[in-house]
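Subject: Structure for your attention

Dear colleague,

Please find the structure below, together with its sequence. My notes on it follow.

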Amino acid sequence: MECLDHAPQLADPEGCYDTFLKIAAYLIEQSTPPGGVDWQDSVTGLPSLFPSTLSQSVLDERLDDSQLRSVLGRSGELASCHSDYHRWTLLYKIAWRTQNGERALMGDILDPDVRELDRLAHTVRRDIHKMKAFVRFKRLQDDNQERYIAWHRPDHRILRLAAPFFARRFGSMRWTIFTEHESVSYEEGSLVFGKGIPASDVDNVDEIEELWKAYYRSIFNPARIKINAMVKEMPRRYWSTLPEADIIQQLLDEAPSRVRKMIEAQTHGEGAAAFLPDDPVSLPVLQEHAEHCAGCGIAEMATRTVFGEGPQKAPIMLIGEQPGDEEDRVGRPFVGPAGQVLNRALEAAGLDRSELYITNAVKHFKYEPRGNQRVHRRASAREIRACSHWLNAEIAQVQPEVIVLLGAAAGQSLFGAGYRVGAHRGQTIDHQRVASKIVPTIHPSMVLRSTDSDRSSVFQDLVNDLRHAAEILGARDLQDELG
Ligand code: URA
Ligand code: SF4
């Protein structure tokens, strides 16, 4: 595939999904497999690697992409607006597969490619939703006519998808919404797309503050609030730009106390405490509540809450750090590479995974997007503390005889930021609040990170510590038997 300087230019920078469909239809017609195309983004988000024979007129006139469009559906369109450039590679791979014997692929929700597409689409959908909720206009006087402007920073390229909503909602106004990359203006019934501008060029929104307050007051109905959604959709980082934030407390005074608690979690750093059920009757109830947790900012980036799993009365509880990429997709702890190591170590220690309760200090996946990868980022002390409420509730429910701390984060959740694996390994710790015997050990990912020459001894350390946990249990059982 040859890189062209004269890649087709588009009238609107966000129309690249249309272009993508045409290029994909062309490439499929030419029997070009996914591995034979390198999709790259130019600054405008266009796929910029084209077959040399391809010109805009070929795209415009020859190719019928309607079938691909309907096969990829709304998910395809949404995913195409994700800021991660691997979307094009993924979309083409799926498009190719649907046209090469897998017609029903999009219906296979367990297929990894389809799942990834759904994940991208879901993230974009959420971004659109936030844009709808948080865009704030400022009134300008322009040619003796009123014009409203707003500036918003979406995470993804959603302006085109979100614009019709604003046209409907503010159909009687002239307005422009700027983002860093694009803008859209609404004039006399049409949407016109143009250039974006940096944040520093946009004044603050003071002028229409009062207007927004009045508007917000009029729509605020505590009885109808979807509490979790509201907190989740109004994360703290938006609050400084929201004129209504300072009247929220006043409004909440009339709202049920539960609502107040939820908002406090975000504003006063109480973490997950406010999201716990009042009466945590069982693990499933805890889990259900954790699905809606917004006790710290990590929930915003993750796909789902990964709660602990295992029998309600498991004798041993294993605590890891946080879900990784694979766990985030699947929704279960320790199913990725570190999970494979753990499984082997458990087996070597004579422990049956299905009899253990396995969980993490932090229930959401924290990462940094890098290329098409999501690179693990360590949770901060504050985030570990915010999430410790779930862990404590799990411990209270399961009441394990033995707790194994896999790595530093697990120890920091129970003992505070000063906990170090190196300083505590090899001991059995008692905790004043937790009745269980606590066995500190390394995180299974240490095995993956160690050098070839060290790997088997690091693995053996993990196995020995797990075996120690099993022995504590065995000794207790023996004592019970002997009366
Ligand atoms: N690492 C962890 O600490 N927990 C998981 O669930 C997966 C990887
Ligand atoms: Fe809540 Fe923990 Fe997720 Fe933070 S990481 S949102 S505290 S569940």
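Which residue in β7 is the bridge partner of Leu 318? The partner is Ile 358. Before the details, a word on conventions is in order. This is a predicted model, in which local features need pLDDT of at least 70 and side-chain atom pairs count only at pLDDT 80 or more, whereas totals for chains, interfaces and linings use all residues. Residues are numbered from 1 along each chain as its sequence is written, chains are lettered from A and ligands numbered from 1 in the order in which they are written, and side-chain values use heavy atoms, with hydrogens and water left out.

Overall composition

The protein chain has 19 helices and 11 strands; these are DSSP runs, numbered from the N terminus, with helices being H or I of at least four residues and strands E of at least two. Of its 483 residues, 50% count as buried. Here buried means under 20% relative accessible area, exposed means over 50%, and partly exposed lies in between (1.4 Å probe, protein chains only). Among contacts (heavy atoms within 4.5 Å) between residues at least 6 apart in sequence, 70% join residues at least 24 apart.

Strand β6 (residues 316–320) runs parallel to β7, and 4 bridges join the two; strands are taken as paired if DSSP finds at least two bridges between them. Strand β7 is covered on both faces: Tyr 357 and Thr 359 are buried on one side, and Ile 358 and Asn 360 on the other.

Helix α12 (residues 283–290) has the buried residues Leu 283, Leu 286 and Ala 290. These three lie on the same side of α12 because they cover an arc of only 60° around the axis, the arc being that of the directions from the helix axis to the C-beta atoms. As background, an α-helix has 3.6 residues a turn, so residues three or four places apart point the same way. The cover over the buried residues of α12 includes β7 (357–360) and α15 (381–398). On the face turned away from that buried side are the exposed residues Pro 284 and Glu 288. Pro 284 has a relative accessible area of 53%. Between Pro 284 and Phe 307 there are 9.6 Å in space, C-alpha to C-alpha, and the two are 23 residues apart in sequence.

Ligand 1

The residues surrounding ligand 1 are Gly 320, Glu 321, Gln 322, Pro 323, Glu 327, Pro 333, Phe 334, Asn 360 and His 443; a residue counts here if one of its heavy atoms lies within 4 Å of the ligand. Asn 360 is also one of the buried residues of β7.

- A polar backbone atom of Glu 321 is 2.7 Å from an oxygen atom of ligand 1.
- For Phe 334, a backbone N or O atom lies 2.8 Å from an oxygen atom of ligand 1.
- In the side chain of His 443, an N or O atom is 2.6 Å from an oxygen atom of ligand 1.

Phe 334 is found in the loop between α13 (325–330) and α14 (337–348). It is buried, with a relative accessible area of 5%, and its phi is near 50°, a positive value in a residue other than glycine. Ser 31 likewise has a positive phi, of about 55°, although it is not a glycine. Ser 31 belongs to the loop between α1 (16–29) and α2 (56–62) and is exposed, at a relative accessible area of 53%.

Salt bridges

The whole structure contains 21 salt bridges, each defined as a side-chain nitrogen of Lys or Arg within 4 Å of a carboxyl oxygen of Asp or Glu. Arg 425 takes part in a salt bridge with Asp 465, with 2.7 Å between the closest N and O atoms. This pair links distant parts of the chain, 40 residues apart: Arg 425 is in the loop between α17 and β11, and Asp 465 is in helix α19. Asp 465 is buried, at 8% relative accessibility, whereas Arg 425 is partly exposed, at 29%.

Arg 425 also forms a salt bridge with Asp 461, the closest N and O atoms being 3.8 Å apart. Here 36 residues separate Asp 461, in helix α19 (residues 452–482), from Arg 425, in the loop between α17 (421–424) and β11 (437–441). Asp 461 is partly exposed, at 28% relative accessibility.

Elsewhere, a network of salt bridges links Glu 116, Arg 119, Asp 325, Asp 328, Arg 329 and Arg 374.

Yours sincerely

Definitions and conventions
A polar contact is a pair of N or O atoms within 3.5 Å; within protein, one must be able to donate a hydrogen and the other to accept it, and residues adjacent in sequence count only if both atoms are side-chain atoms.
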